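Here's a friendly walk through one protein model. Have a look at the sequence and the fold first, then read on.

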Amino acid sequence: MMMISDLPNDLESEILARVPAKSLSELKTTCKRWYALFKDPKFVEKNKEMSKPARESILLSNHEVYSIAGDLHSSGDIAQPLEFTGKLSKDLDLYTMSHCDGLMLCQAKNNSSVVVWNPCTGETKMIKPRTRYQIRDRFALGYNDSRRGYKILRCRYYQNEGKVWFVECEMYELSSDSWRVVDSFTHDYGMYCSGVSLRGDTYFAAGGKEMGFFLMKFDFTEERFVRLPLPFQSFDPEDTAVLSVVRDEKLSVCHQEILAWSNVMRIWVSNKVEEEGKVLSWRKDFVLTVDFDKFQLPCVVNVASFLLDEEKKVAVCCDVCDEEMKGEEKNRIYIVGEDMYKQVYDDDIVNAYLLNCPLVLTYVPSLVHIH
């Protein structure tokens with residue numbers, strides 16, 4: 001009986017490239033040849049193109065990361081309550097994180113440490129700073145189009161002697177394990193949420209009182225910021241704008257008018273962003289409008305993160321709720337549509353100063369090698 005190990009190496013590689021990365025990761029210790037193959041960058045890229053892996057869903061809540069059964073983008077299939085299948089974060093004390101291409105960029109509280117983590121392979125890499133990390137620092141993970149070189153952007157905010165705010169941008173390359181300064185400019189706008197990665201670039205919701213809200217994209221290939229429009233206009237800095245990625249193909253934005261005493265949330269979605277060109281445009285025929293007042297909830301909704309099910313026109317949302325207004329808060333997750341609200345998770349009440357904003361995300365597991 002012929003075994004897979006009896007096949008020619010190129011045919012064996014062709015067959016294995018069709019196996020989902022998560023399954024291959026469990027087979028990496030089968031033999032030395034497979035261990036080396038699964039680390040080969042060419043095979044990793046081939047596996048991304050040829051396999052059809054199931055999306056994984058995770059929740060960051062109170063400094064811990066949990067895996068969730070099912071794809072949260074398919075909101076109609078979510079059980080009530082959510083089924084947690086395990087704790088992933090182990091020794092990582094996480095405050096916030098973002099993801100790109102199956103890799104997680106993890107930040108501890110006050111940016112005391114920054115780690116790149118592949119939850120599929122279990123690999124982690126501590127990123128040492130060029131200079132000491134600061135509380136105000138912002139980070140983003142992306143890649144260079146031409147050679148899939150993974151990079152980390154660090155935006156360091158500081159005031160000069162004239163009390164003018166500046167941003168110094170540094171770039172870290174995983175391949176060379178080194179930092180370099182790429183730009184420095186005056187800071188005349190604010191960032192309203194953590195960045196999200198799409199096609200290797202990172203997008204931020206940004207704005208100021210005079211310029212209003214806009215979309216800021218960091219192009220990791222050109223290593224520069226590009227200002228883009230959002231599908232709504234607002235000049236109130238107290239409004240909230242949160243970004244999300246839809247199945248690694250589209251960008252979505254959630255907007256709430258906080259000071260207008262409105263409990264209405266609106267979500268827009270872009271057209272598909274192709275790998276070539278990466279042109280971003282907003283769908284004119286889609287907006288999900290939810291008036292939370294009609295559901296008579298115990299506290300005001302202020303969405304911290306969300307995932308959009310574009311087909312069913314519903315969203316999975318996360319926020320922090322203080323029902324008794326006593327500084328005792330809890331994270332909650334709920335599914336909402338124009339005429340439906342279903343809470344699927346809330347955690348134990350904790351003191352507000354111990355709480356971090358909850359985050360839900362989905363990703364496709366990858367064999368990308370960090371070191």
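## Before we start

In what follows, contact means heavy atoms within 4.5 Å. Keep in mind that this is a predicted model.

## Helix 4 and its neighbours

Let's begin with helix 4, which covers residues 41-50. Its buried residues are Phe 43, Val 44 and Asn 47. Looking down the axis of helix 4, you'd find these buried residues within an arc of 105 degrees, so they line one face of the helix. As background, an α-helix has 3.6 residues a turn, so residues three or four places apart point the same way.

What sits over that buried face? The cover for the buried residues of helix 4 includes helix 1 (9-16), helix 2 (21-27) and helix 3 (32-37). Over on the other side of helix 4, Pro 41, Lys 42 and Glu 49 are exposed. There's also a detail at the start of helix 4: Asp 40 has a side-chain oxygen that comes within 2.9 Å of the backbone nitrogen of Lys 42.

Four of them make up an open sheet, running in the order 17-18-19-20, with antiparallel pairing. Strand 17 (240-246) and strand 20 (288-291) are at the edges with a single partner strand each, so one side of each has no neighbour in the sheet. From one strand to the next, the twist averages 15 degrees.

Zoom in on one pair: strand 17 and strand 18 (residues 250-256) are joined by seven bridges in the antiparallel sense. Here Val 245 stands opposite Leu 251 of strand 18.

Terms used
Residues are numbered from 1 along each chain as its sequence is written. This is a predicted model: local features need pLDDT of at least 70, side-chain atom pairs count only at pLDDT 80 or more; totals for chains, interfaces and linings use all residues. Side-chain values use heavy atoms; hydrogens and water are left out. Two strands pair if DSSP finds at least two bridges between them. Helices (H or I, at least four residues) and strands (E, at least two) are DSSP runs, numbered from the N terminus. Axes are lines fitted to C-alpha atoms, for helices over the stretch in contact, and angles run from 0 to 180 degrees between N-to-C directions. Buried means under 20% relative accessible area, exposed over 50%, partly exposed in between (1.4 Å probe, protein chains only). The arc is that of the directions from the helix axis to the C-beta atoms. A polar contact is a pair of N or O atoms within 3.5 Å; within protein, one must be able to donate a hydrogen and the other to accept it, and residues adjacent in sequence count only if both atoms are side-chain atoms.
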